[in-house]
Amino acid sequence: MTRSLATALAACVLLVLAPAAAAQKRIALTFDDAPRNVGAFFTKAERTKRLIAALKKARVSQAAFFVNPGQVRDASDAALIDSYVRAGHVIANHSFSHPHLNRLAAADYLADLDKAEAWLKPRRGYRPWFRYPFLDEGGKDKAKRDAVRAGLAARGLTNGYVTAEGSDWNIETLTIAAKKAGKTIDRAGLRDLYVETHVQAADFADALMVRTIGRSPPHVMLLHETDIAALYIADLVKALRADGWEIVTADAAYADPLKSAAPDVPSANGTLTELLAWEKGLPAPRWYERNDLAIANPLFAERVLHEKPAP
């Protein structure tokens, strides 16, 4: 055996024996319900300004904002959406009036979607993605589910699916209620709960997706355009990176083959991670535990309001 051949064989052996490098965890940030109503701390304009600045500080080059044009009351609201685009972010369809699909006929639901599309499509930063309000794809009504899926395809729209979520809308709801009630809000506790919840949600989703499809795809995190995000999104991004996550663009995430996934499950409602795991037959729970408000609400009371649980 020649020396060069022996060296080549040895190198091959080392490659086989060497542990595989850990796959890079990737995640895109998306914000629903823009422009959202006033929250606990800021005006809508203040929130938008702070959120744009925080994303820039965190070096997030592109997030996606899923817009409800029915919430655009005047030119100032439209200007808020435009300001996200000027900052490098993108916008997509979250319906006009934020309806539940299981409460509307498919034709009426698609008409609402079309109304939003007419407002969005001429604008800069537009992307042809549709995110179901409440992640409700029709529930148990498979005929309605399939009719809307076909309607999206006919319109050249793809599902703006979610793979990871931590019910940040609930953290915001509890914060607003506490503020109205005059309770003392521990801002550090609020920050830590928000950050910890979403890092855990991302890790849960990734582990379940690997079990389900055999790989770690670029994930899509569901957030909302809230005061909480404006305050703590930079902290969340820092924590995600410390946990091994790379923040990617929504464009990159939605280029994944998952964009064509159409899980067939008994009830179409929830994250794509959950639906794919259910379709494969993986047992419940297929959702991150803090999406159960019976778990999330006592944590908020204890860590943010420092209230003792009821005996």
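Predicted model: local features only at pLDDT ≥ 70, side-chain atom pairs only at ≥ 80, totals over all residues.
Residues are numbered from 1 along each chain as its sequence is written, and side-chain values use heavy atoms, with hydrogens and water left out.

**The chain as a whole**

Let's step back for a moment. The protein chain holds eleven helices and ten strands; helices (H or I, at least four residues) and strands (E, at least two) are DSSP runs, numbered from the N terminus. Its radius of gyration is 21 Å, close to the 19 Å that the globule rule gives for 311 residues, so the protein chain is as compact as a globular protein of that length. That radius is taken over C-alpha atoms, and the rule is 2.2 Å times the number of residues to the power 0.38. Along the principal axes, the C-alpha atoms fill a box of roughly 80 × 50 × 45 Å.

Of the 311 residues, 52% count as buried (under 20% relative accessible area with a 1.4 Å probe, protein chains only; exposed is over 50%, and partly exposed lies in between). Contact means heavy atoms within 4.5 Å. Among contacts between residues at least 6 apart in sequence, 83% join residues at least 24 apart.

**Helix pairs**

| Pair | Angle | Axis distance |
|---|---|---|
| α7 (187-213) and α8 (227-242) | about 50° | 9 Å |
| α7 and α11 (293-303) | roughly 150° | within 9 Å |
| α2 (44-57) and α3 (75-86) | roughly 0° | within 10 Å |

Axes are lines fitted to C-alpha atoms, for helices over the stretch in contact, and angles run from 0 to 180 degrees between N-to-C directions. Angles under 35 degrees count as roughly parallel, over 145 as roughly antiparallel, 65 to 115 as roughly perpendicular and the rest as oblique.

The angle of about 50° between α7 and α8 makes α7 oblique to α8. Their crossing is right-handed. Residues making this contact include Leu190, Tyr194 and His198 of α7 and Ile228, Tyr232 and Leu236 of α8. By class, there are 13 nonpolar, one polar and three charged residues. Here Ala, Val, Leu, Ile, Met, Phe, Trp, Tyr, Cys and Pro count as nonpolar, Asp, Glu, Lys and Arg as charged, and the others, Gly among them, as polar.

With α11, α7 is roughly antiparallel. Gly189, Leu190, Asp192, Leu193 and Glu196 of α7 meet Leu299, Phe300 and Arg303 of α11, a set with four nonpolar, one polar and three charged residues.

At roughly 0°, α2 is roughly parallel to α3. Lys44, Ala45, Thr48, Leu51 and Ile52 of α2 touch Asp77, Leu80, Ser83 and Tyr84 of α3. That contact has five nonpolar, two polar and two charged residues.

**Two buried spots**

In helix α10 (272-280), the buried residues are Leu272, Thr273, Glu274, Leu275, Leu276 and Ala277. These pack against β5 (136-139), α7 and β10 (268-269). Just after α10, Gly281 takes a positive phi of about 95°.

Ala164 belongs to strand β7 (164-165). Its relative accessibility is 1%, so Ala164 counts as buried. Beyond neighbours within four places in sequence, Ala164 is in contact with Ala201, Ala202, Ala205, Val220, Met221 and Leu222. Tyr288 is 124 residues away from Ala164 in sequence, yet their C-alpha atoms are 8.4 Å apart.

Conventions
Left-handed = near helix turned anticlockwise from the far one by under 90°.
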